[in-house]
Amino acid sequence: MLKIWSMKQKQQQDESAATGPKKKKVTAAQLRVQKDLSELSLGSTMKTNFPNPDDILNFTLTIEPDEGMYKGGRFNFSFAINQNFPHDPPKVKCTQKIYHPNIDLEGNVCLNILREDWKPVLNLNAVIVGLQFLFLEPNASDPLNKEAAEDLKSNREGFKRNVRSAMGGGSVKGQSYERVLK
Amino acid sequence: MTGTTPPPLHGPTSKEKKYDRQLRLWAASGQAALEQSHILLINSGPGVVGVETLKNLVLPGVGHFTILDSAIVTEADLGVNFFLEEEHLGGFRAEHSCTLLKELNPDVQGSYITEPTESFLSKPIALKPYTLILVTAPINPQLLSKLSANAATFQIPTFYIHCIGFYSQFSIHLPPAFPIVDTHPDPESTSDLRLLTPWPELSQFATEKTKGLQEMSHHDHGHVPYICLLLHYLEEWKSTHDGQVPQNYKDKTAFKASVAQGERRNNPEGGEENYDEAVAAVLKSLNPTSISSAVRDVFEAPECKSLTPETSGFWIIAHAMSIFYATHAVLPLPGSLPDMKAQSADYIQLQNVYKSKARHDLAEVLSTVRTLEKKLSRAVVIDEKEVEAFCKNAAHIKMVRGRPFHIVLPGETVRWGDRAKKAAQDLTDPESLILLYIAFLAIDTFIATHDVDGLGCAAKVAGGDDWESDTEEVEGIALKIIDGLINEAGTSIDEDEYSEIKSRAREYAQELVRAGGSELHNISALTGGLVAQEVIKVVTKQYIPVDNTCVFDGVRSKSSVLRF
Amino acid sequence: MAEDAESILTNGPYNSRPRWKYLDNILNRPGPFTDPDWVCGEPALEGLSRAKILVIGAGGLGCEILKNLALSGFKDIHVIDMDTIDVSNLNRQFLFRHADVGKFKAEVAARFVEKRVKGVKITPYCGKIQDKDDDYYMQFAMIVCGLDSIEARRWINATLVGMVDENDPDSMKPLIDGGTEGFKGQARVIFPTMTSCIECQLDMHAPRAAVPLCTLATIPRQPQHCIEWAHIIAWEEERKDITLDNDDPEHITWLYQKALKRAQEFNIPGVTYSMTQGVVKNIIPAIASTNAIVAASCCNEAFKIASNTNPFLGFPGTDNYMMYTGDVSVYTYTFQHVKKADCPVCGNLAKDLQVNSNSTLQEFIESLAERPEAQLKKPTIRTEAKSLYYQSPPTLEKQTRPNLSKKLYELVSDGEEIAIQDPAFQIAFKFKLVFEN
């Protein structure tokens, strides 16, 4: 009886293999991300994290700048890539509330290649290099966080102090920030 | 939860919602023109291309259409015409197609006339109510000739349409002067910045914004509008070049390099967007303002030069415009400014410098218009908006000179007139579809000489029954037309080319006769799309219509526009 | 359908079908450009009436396509669309009436054409193309697309390329694709794996122009900048908990008023409700005439392919793409878009690879390094669902390392496709793993 049962199971499996769940093919977006990941050069200051390793279209990137005024911090960015990649750019957001002229309090990042200058020939490496650069050279002209930009423009030393205090979880100009120190 | 937002005071009306996707192209003015028009379709043959055209006019909301067709619905109609049903068999094609077309848009009025074309045309004012007339082949050439002459007296634009098998062709007869102001030029080509001839307010603005350029902070330096940068560097250039602006390509390249040198690269971005914009604009923006040949044609036109009290508003404005041009050597400033890297306030200020100059120019043209009106003692005052639209688009106005299409009368040869030379040249161009056009003329000749009962609708079609002998006849006619053309043009074509022309013409004739007067629904639908689009352009006086013949080859999926 | 074919055969070829008198002239007579081997009459007629054809999209192009195919002699038509009818569709989607607003497009369109053109069967599916698998797509002779989404086009293209089986000629489905934008449009024909595919032609679609975020945030100059600011930044700041619905008039009104207020702050003229809608929904102008032209061009090619009555676009080595512009006179450009050797979809097709399902992933990877045609020494491998092994980045390598000691049958199923990326090659390799045991 047990034998018949296992034969039955086998038969069902075979049937489901023939008609059942369709075998999906690796999508064009997956192929491209796979290629981009293999070309990623992260160095010692960056790390990726895949909450679900099978899903390579959604991951986070951690940047730990080893120089500049954001040194000592640990910054997290979420990457969300859709099936229309690389026609569409990846959607990148900072998941912490940080004090930075080019990143607003909602985590929007002002980086040209994430929007107006995105081209399908660009890859994920170009994006992470751009993000890293934002911590080395925060840019006060055309900011997303206007207060931070004014601060940087008018008093660089004061801005540095405010960055430190914001990174420590303190507040700057009445706005409290997340602690991002290692 | 935030409270719900109150509705806007001027939310879209239900009509704006329905027509949203097209209003973004031809705007409320175009829509109004479409809604005021009444289109007449004189239908014949399988009659599909005309009905498909109407479908594409009823959907966007043409005011009124009328179908003139005395044919009775047969079984064959049901296999090719989407706007007829089984229960209509034996009824009038015009009546039932009209009903089904009207269902597409309750805002459109539709009528039908089942009188034969000949008796309809016998009333001299029969065509007067219509804005535009569509005639489909086959039609008795004498009737077509009469119709064309009648329509021309009322200056009603007339389309003559062929659709046979995989091929189609239509010709447009527009009034002798058909001016278009709203041509919708490519936005890239429209910016007129006057950098080589700045007016005092613009120069002053640029000087202010570039004062102390070297000493500016990175932020300010990176936000000087590129127009101000170019004007600043032009002044520098002039001071070292005897007061001359860059004259030629070599000068411009050198000038470009001098602008690029001003760019700061030691800032956090490693460059400056406004400088990049300035450098990129040198070659295309530093050209002396000149007027296009289309504008020159308008200024030189007899209608523009000698005005009468009956002259239309367009020509009076054109005349005023030509006076402005004679005085200033430039057209009125359009006043639009492209987006550019700049602080909001600077950009808005600069935009206002352009706008106020444009208003100033408009005022000058308007005052000339008013003087002309008074001089001519015109009863109707030209709307200021019309003058404004003209000024805004002055560089891109276009005038089409309508010309009658070929009508082949029995026993007469096709005449090419002043187009003979060009047409003969086209014969040897493998990309041109002129030979297909000639094959259509051959079909018309065939019909003219095989008219069954003189009514036009029951003409004998080429390839109806004995397609092999009809093929031979149509081929022969086509070759004769080609010989006539070469003869009229007085050009010589070498032997090889001539035999190539002949064999291509034969192929087109064979393919046309193969269809035996049939319409293929796909080709009718495609041609109905093209014709409807041209009707919309003509009725709205927007965009640029076909001038004057369009040929489509559905075997190779190619088209040609020819002018006869 | 069988009945139909039979009646054609028994009634004889010429003028026996009064309803199809016009069409039959073309089917019954050879022309100067028809293939010399073409047999006119019954075979041409049968090819047409037996062909099962799929239409993707029942919108502006789809309505036209359904009408055109039904009147071209196709008898068995299927149509997929997931959308419902909106009032702004009515200026061109002529199979829908005001009373149909809110109903499924595919359903209403199918019923309408079936009723109007007797003898044609139209089977609607109201859902996504991604709901259907290879078996579903395999039943059709060809596929005609009237879509407005690049993503959907890429999906069906990749699916059809992947379906091609070298041993089965019926597995190659011609894909005919139309697209419009205002007075412009294009029609193209793809023979998957044989000619340039949608992915090869991706650069023909201009990316949507975008404005820098910082311009929106600090130095707006145009009315559109204020609208984008309201859309991207203000909404998130103030109404984070509400999902923005582009079709909700209250949401659009909120954005419009936000944008208007911001524009007033900066003295920027020109923000309107209609512009707000246009920017937020990325509205592309659409008119009946362009749809008619492009849809008819697509159906003309479908008809020629099914009936062989004339040469068609897409025959390898010939023109496969027609570009159309109608704002200045009428202009078409018909050309051959050449297949890209490094196309990620059709550049490297999946090959069958016999494997022992009891070997480990590690052993499998070692065997790849020894393959003669492509020595894959540092492969990164995945299936659609699973990351099997990633050489980099380090975290992903660590996460996928345990798979190395697993047996293949634990990781993939028989016949499943894997994609391999190796630093030595620009393009991915695809294999269908076939279990030997």
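**The side of chain C that touches chain A**

Modeller: In chain C, 49 residues are in contact with 39 residues of chain A, where contact means that the C-beta atoms of two residues, placed from the backbone, lie within 7 Å. This is a predicted model, in which local features need pLDDT of at least 70 and side-chain atom pairs count only at pLDDT 80 or more, while totals for chains, interfaces and linings use all residues. Residues are numbered from 1 along each chain as its sequence is written, and chains are lettered from A and ligands numbered from 1 in the order in which they are written.

On the chain C side of this contact, at least two residues each come from the helices α7 (150–163), α8 (213–218), α9 (223–238) and α14 (394–400), and from the strands β10 (380–382) and β12 (417–421). Helices (H or I, at least four residues) and strands (E, at least two) are DSSP runs, numbered from the N terminus. Sorted by class, the side of chain C that touches chain A holds 21 nonpolar, 14 polar and 14 charged residues. Here Ala, Val, Leu, Ile, Met, Phe, Trp, Tyr, Cys and Pro count as nonpolar, Asp, Glu, Lys and Arg as charged, and the others, Gly among them, as polar.

The domain assignment divides chain C into domain 1 (2–205 + 285–335), domain 2 (213–280) and domain 3 (351–435); such bounds come from an automatic or database domain assignment. Between the C-alpha centres of domain 1 and domain 2 of chain C there are 40 Å. For residues 353–436 of chain C, UniProt gives the feature "domain: E2 binding", from an unreviewed entry. UniProt positions are given in the numbering used here, feature names are shortened, and annotations may be inferred rather than shown by experiment. The span 353–436 of chain C is 24% helix and 25% strand, and its end C-alpha atoms lie 9 Å apart.

Of the 182 residues in chain A, 39% are buried, that is, 20 or more other C-beta atoms lie within 10 Å of the residue's own, whereas 12 or fewer make a residue exposed and values in between partly exposed, with C-beta atoms placed from the backbone. Among chain A contacts between residues at least 6 apart in sequence, 50% join residues at least 24 apart. UniProt, again in an unreviewed entry, lists "domain: UBC core" at residues 28–172 of chain A. That span is 31% helix and 15% strand, with 45 Å between its end C-alpha atoms.

Chain A contains an open, antiparallel sheet of four strands in the order β1-β2-β3-β4; strands pair if DSSP finds at least two bridges between them. β1 (46–49) and β4 (91–94) of chain A are the edge strands, each pairing on one side only. From one strand to the next, the twist averages 25 degrees. Six antiparallel bridges join β2 (residues 58–63) to β3 (residues 75–80) of chain A, and N58(A) has A80(A) as its bridge partner in β3(A). Helix α3 (residues 124–136) of chain A packs on the sheet, touching β1, β2, β3 and β4 of chain A, and its direction makes about 35 degrees with that of β2(A). Axes are lines fitted to C-alpha atoms, for helices over the stretch in contact, and angles run from 0 to 180 degrees between N-to-C directions.

Chain C also meets chain B: 68 residues of chain C are in contact with 74 residues of chain B. Elements giving two or more residues to this side of chain C include α2 (21–28), α4 (60–70) and β8 (331–335) of chain C. α12(C) gives the largest share, 10 residues. By class, the side of chain C that touches chain B has 33 nonpolar, 22 polar and 13 charged residues.

Chain B itself has 23 helices and 10 strands, and 46% of its 564 residues count as buried. Its C-alpha atoms fill a box of roughly 90 × 70 × 60 Å along the principal axes. Of the chain B contacts with a separation of 6 or more, 74% are between residues 24 or more positions apart. Within chain B, 16 residues of domain 1 are in contact with 13 residues of domain 4. The side of domain 1 of chain B that touches domain 4 has nine nonpolar, five polar and two charged residues.
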